Structures are given as structure tokens and as C-alpha cells.
Amino acid sequence: MRQVEKVAPSQVYTEQVAANQSTGLTPANHLMNTNGQNSDAAHFDAIVIGAGPAGSTAAAVLAEKGRRVVILEKQKFPRYSVGESLIPYCYFPLERIGVLEKIRQAAFVKKYSVQFAGVDGRISQPFYFFQHLEHEASQTWQVWRSEFDKILLDNALEKGAQVLEETVAKKLIRDGDQYVGVEARGKDGVSRSLYAPITIDCSGRDGFALKRNDWLVRDPKLNKISIWTYYRGGLRDKGHDEGATTVAYLPEKGWFWYLPLAGDVVSVGITAEADYLYRGGKDVPAIFEREIHVNKWIEEHLVPAERINDFRVTGEYSYRSRHCAAGGLVLAGDAFAFLDPVFSSGVLLALRGGEMAGDAVDAALTAGDFSAERFRGYSEQLCSGMEAMRKLVYAFYDDAFSFGKLFRKYPDLRSDTTDCLIGNLFRDFDPLFKAVAEFADVPKPVPHGAPLTTASKEMTEDKAAPA
Ligand SMILES: Cc1cc2nc3c(=O)[nH]c(=O)nc-3n(C[C@H](O)[C@H](O)[C@H](O)COP(=O)(O)OP(=O)(O)OC[C@H]3O[C@@H](n4cnc5c(N)ncnc54)[C@H](O)[C@@H]3O)c2cc1C
């Protein structure tokens with residue numbers, strides 16, 4: 001019998017809980033100057049803000065090339081993060097930075113497929129990635145992000161990156177039209193200035209640079225909210241199907257995710273319009289309990305389960321920064337853009353964005369050119385991959401669209417659709433979206449996201465030039 005304990009409103013978490021933790025430098029984290037003495041100022045080739053998948057990947061790429069890179073991370077790892085379901089093409093950046101073996105050895109649940117459950121409980125045939133991709137990448141994982149992100153951070157450290165945990169980036173330091181460093185504060189409350197010709201902002205949905213510079217542009221149609229929690233003992237299938245992601249529909253284009261994790265835990269969440277979820281009030285536990293009974297598949301799978309965690313809530317879905325770079329600054333991962341998580345694309349875009357940013361920054365260091373313009377290629381490639389996923393997300397939420405309708409008329413496009421779903425995003429999808437446009441509104445690419453090449457008045461955080 002499933003037990004649902006009543007949760008007081010004060011126990012309902014938002015993502016801000018983590019953001020509000022106090023931060024600081026531990027003694028071991030103190031910066032040393034070249035004589036091995038504590039130093040309040042330090043110079044690097046690159047500063048990375050944030051040690052999520054984007055930041056640790058960018059830092060690993062740069063450290064491997066012998067660059068002097070420091071990661072500033074406001075939390076102490078391992079730390080909680082949502083976003084547990086990977087997609088097959090995560091394999092390639094993970095391989096590039098050399099962590100595949102550690103990921104294989106971690107106790108993550110193997111994921112071979114995605115399936116869709118109607119509100120009446122009827123389940124689609126699992127969609128197996130190996131039917132499309134003859135490569136070991138077709139098996140991916142459902143991960144505990146605390147452990148996954150720690151593996152990536154340790155890897156950056158092993159490759160030679162310096163890591164300052166419990167250190168919060170407070171300000172970008174600006175010299176004319178270039179950013180030249182970061183002012184950071186540790187647990188001891190002391191602010192230190194760190195200098196580098198380039199800073200990579202990987203601060204996730206905190207959006208360090210995009211919020212300070214007022215660069216956040218929301219996607220007007222993808223403005224949902226999510227509520228999620230964790231259960232122990234939820235039903236799961238056997239063998240290859242044990243780690244399947246299930247997307248279970250709710251009315252008005254809402255949906256549940258059901259992700260089997262290690263330790264007999266399932267991550268269960270709802271994404272839907274606020275009007276739909278809050279139609280009877282804002283009592284989050286009551287809303288969640290009500291919606292469980294709306295989808296028969298979810299209801300059945302949670303019968304033997306016990307909820308083991310509080311509820312978490314987030315809004316602010318789907319945005320892109322007006323600019324991906326300015327002089328001395330480049331943005332990657334959620335710090336640049338966030339897309340509705342229905343197709344689990346966030347970690348892939350963070351890993352690929354981190355890898356691409358790392359390579360672009362390495363090239364900038366070689367050329368001695370840290371202008372925003374240097375990152376135009378990075379921006380164009382990243383945005384075109386994001387646009388493919390964004391169009392598919394729009395189609396998912398369009399009442400007139402279904403994959404079934406599309407494949408009945410255009411069976412040949414099953415392969416292109418699958419490429420998009422498994423994360424093979426950096427290719428031409430024109431034929432696919434021409435066909436999708438017959439069934440659904442396909443959005444035009446968002447016009448922003450390019451480097452800030454001219455208007456320095458859009459850069460904030462003025463501060464005296466470094467000595
Ligand atoms: C409800 C929900 C469900 C999701 N489900 C999935 C899913 O199933 N699969 C998937 O792939 N993606 C999913 N995502 C998206 C995924 O969580 C993100 O895309 C991914 O974590 C982005 O990685 P990142 O490295 O850009 O940022 P993060 O992983 O958020 O890392 C950013 C880091 O920066 C640090 N930081 C922030 N500000 C500062 C500062 N000022 N100074 C120092 N450090 C700082 C933070 O502490 C954090 O460690 C989901 C997202 C949401 C909201």
C-alpha cells in the first residue's frame with residue numbers, strides 16, 4: 001500500500017533552497033601564488049563558473065590541453081541536481097573527456113528505451129535505441145546526478161583543473177569592452193579577484209551572466225512548471241526494459257516522467273501548464289496526489305511505492321540568452337539556454353556545449369583573441385542543434401501532432417526523428433521539419449543567441465581594471 005505522508009508547505013522545496021546555502025572557501029581551497037603562499041589574486045588561462053556537466057566538461061577539455069583553468073563552484077560536491085535521464089549521444093562527449101569507464105562502473109540503471117503511456121494506462125511499444133543506432137552508445141543511463149556530476153568534476157581535477165568548491169562567483173570584472181576576471185567569495189566571507197582573459201559561465205539555471213546583463217529571453221510558448229519527488233519500490237519492468245523512461249500523458253498536454261534509478265528509487269515528476277496544475281489551488285502535495293490518479297499507468301506503478309522525499313517545484317521553463325558571448329566571456333549549458341525537459345536533452349546540451357566551449361576557448365587562447373566574434377561559430381552550431389530539439393518539443397505540445405500521424409504519412413522520416421530524439425542534433429533536419437509543419441506549427445528559429453559584438457553598454461559589472 002502506497003503511503004503518502006502530508007507535507008507542510010514549508011517542506012515544499014524550490015530550486016532556490018540550494019542556491020541559498022552559504023558558501024565559502026575551505027582552507028584547502030585557498031588560492032596559492034607561484035611561491036606556494038596564499039594569494040588574494042590569481043591569474044589563469046580560463047575561469048569556469050559552475051561545476052555541472054557543462055563546466056566540468058569545458059574544464060576537462062581545457063586542462064587536457066595543458067591550459068591553466070579554475071572552476072568556481074558555490075556548492076560542496078556531491079550535491080543534488082534534477083535531470084537524471086541521459087540520451088544516447090551523451091556517450092560521445094563523455095568518451096571525449098575520458099569518463100565512460102567510470103560511468104559504466106557506477107551503479108547507474110541502464111536505459112535502452114523510451115515509452116509513452118496514455119491517460120487510460122495503455123503503453124506504447126518501447127522505443128529501443130539499438131533498433132536505430134548500431135553502437136554501444138545506444139545504451140545510456142538513468143543517473144543519480146549527485147554521483148554523475150561528481151565523477152565529471154573529479155575527472156576535471158585529475159586532468160589538472162583547479163577546483164574551488166563552496167566559492168560563489170559574485171561579479172564579472174570588466175576592463176573596457178572585455179571581461180577580464182571574476183570576483184568570488186568563499187565561506188570565510190572574503191572576496192578574491194581571479195583574472196583570466198576568458199570566463200566560461202556554466203552556472204546553470206542561476207544564469208550568472210544572463211541575469212546580471214538582462215539577457216534572458218523566455219520562450220513564450222514553452223512556459224510550464226514542474227513538480228517532482230522520489231519514491232522507493234515503484235514497479236519497474238525486467239531486463240532491457242528495467243531502465244526505460246516512461247512519459248505518461250496528462251490532459252492538456254501535461255505529462256509525467258517516471259525514471260527508474262539505482263537503489264529501487266524512481267524519480268517521478270509532472271510538467272504541465274500552471275493553469276492546469278493549479279486549477280484547484282496551490283497545495284503541491286495534493287496536486288501531485290490528484291494527478292497520480294489521472295494517469296492509470298502512473299497510478300498502478302506507484303501502488304507498492306513509498307514516497308521518500310519532499311516535493312520540488314520549478315518554473316522558468318525554456319529561455320535563451322540574448323548573447324552567447326561577449327568580450328572575454330562565453331556561456332554554456334543552462335547558463336546559455338534551457339529547453340523544456342520532455343525529451344531529456346538538457347545534460348546532452350550541457351556536455352556538448354561544454355565540450356564545444358572548451359575547444360573554442362582553447363582556440364581563442366592560441367590566437368590570443370578573446371573577442372566575442374571568435375565565438376560566432378560556437379553560437380551557430382549550438383543554436384542550430386538546439387533549434388532541432390526545440391521544434392520537436394513544440395510539435396510534442398501541439399494538439400494536432402502525433403508521431404503516429406507523421407510516420408503513417410512519412411515512414412522514411414522515422415530515422416530522422418529518432419536521430420533528433422537520441423541527441424544526434426548537429427545535422428540537417430530540414431526534410432523532417434517540412435513534414436512536421438503539415439501537422440503542427442513549427443517555430444521559426446529564435447533570432448538571438450549570437451555573440452555581443454558591438455554594444456558594450458549591454459555589459460555590466462564594471463570594476464577597476466586589474467593591476
Ligand atoms: C524539472 C527538470 C527536469 C529535468 N530532467 C532532465 C532529464 O531527465 N534529462 C536531462 O538531460 N536534463 C534534464 N533537465 C535539465 C538538466 O537538469 C540541465 O540541463 C543540466 O543540469 C544543465 O547542466 P549545467 O552544467 O548547464 O548546469 P547545472 O548542472 O545546473 O550546474 C550549474 C552549477 O553551477 C553552480 N553555480 C551556479 N551559480 C554559481 C555561482 N554564482 N558561483 C559558483 N557556482 C555557481 C551550481 O551550484 C551548479 O553546481 C531537467 C531540468 C529540470 C528543471
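## Burial and the basis of the model

A residue is called buried here if 20 or more other C-beta atoms lie within 10 Å of its own, exposed if 12 or fewer do, and partly exposed in between, with the C-beta atoms placed from the backbone. With 23 C-beta neighbours inside 10 Å, serine 344 counts as buried. This serine has a positive phi of about 55° although it is not a glycine, and its place is the loop between strand 24 (337-338) and helix 10. Helices (H or I, at least four residues) and strands (E, at least two) are DSSP runs, numbered from the N terminus.

The model is predicted, and local features need pLDDT of at least 70, side-chain atom pairs count only at pLDDT 80 or more, while totals for chains, interfaces and linings use all residues. Residues are numbered from 1 along each chain as its sequence is written.

## The chain as a whole

The chain contains 14 helices and 24 strands, and 47% of its 467 residues count as buried. Two residues are taken to be in contact if their C-beta atoms, placed from the backbone, lie within 7 Å. Among contacts between residues at least 6 apart in sequence, 76% join residues at least 24 apart.

## The shell around the ligand

The ligand is surrounded by 37 residues, of which the closest are Gly52, Gly83, Gly204, Gly333 and Gly346; a residue is near a molecule or strand if its C-beta atom, placed from the backbone, lies within 6 Å of it. The shell divides into 16 nonpolar, 15 polar and 6 charged residues, where Ala, Val, Leu, Ile, Met, Phe, Trp, Tyr, Cys and Pro count as nonpolar, Asp, Glu, Lys and Arg as charged, and the others, Gly among them, as polar.

At least two shell residues come from each of helix 2 (53-64), strand 10 (168-175), strand 15 (225-232) and helix 10 (346-367), and helix 10 gives the largest share, 4 residues. Because domain 1 (17-108 + 143-219 + 320-460) and domain 2 (113-133 + 224-314) both give residues to this shell, the ligand lies between them; the domain bounds come from an automatic or database domain assignment.

Six strands form an open sheet in the order 9-4-3-13-23-22, with mixed pairing. Strand 9 and strand 22 (325-326) stand at the edges with a single partner strand each, so one side of each is left without a neighbour in the sheet. Two strands are said to pair if DSSP finds at least two bridges between them. Strand 13 (residues 198-201) and strand 23 (residues 329-331) pair in the parallel sense over 3 bridges, and the bridge partner of isoleucine 200 in strand 23 is valine 330.

Helix 10 packs on this sheet, touching strand 3 (46-49), strand 13 and strand 23, and its direction makes about 175° with that of strand 13. For such angles, axes are lines fitted to C-alpha atoms, for helices over the stretch in contact, and the values run from 0 to 180 degrees between N-to-C directions.

Strand 10 and strand 11 run antiparallel and are joined by 7 bridges; valine 168 has arginine 185 in strand 11 as its bridge partner. These two strands form a hairpin with 2 residues between them, and glycine 176 in the turn has a positive phi of about 65°.

Strand 11 (residues 178-185) is mostly covered, since 7 of its 8 residues are buried. On to strand 12 (residues 191-195) it runs antiparallel with 5 bridges, and glutamate 183 stands opposite serine 193 in strand 12. The hairpin of strand 11 and strand 12 has 5 residues between the strands, and in it glycine 189 takes a positive phi near 80°.

## Loop residues

Glutamate 166, in the loop between strand 9 (162-164) and strand 10, has a positive phi of about 50° although it is not a glycine; this residue is buried, with 21 other C-beta atoms within 10 Å. The peptide bond from phenylalanine 77 to proline 78 is cis, with omega near 0°, and proline 78 lies in the loop between strand 4 (69-72) and helix 3 (91-96).

Proline 126 is found in the loop between strand 6 (113-117) and strand 7 (127-128) and, with 18 C-beta neighbours inside 10 Å, counts as partly exposed. Leaving aside residues up to four places away in sequence, proline 126 touches Ser113, Gln115, Asp241 and Ala244.
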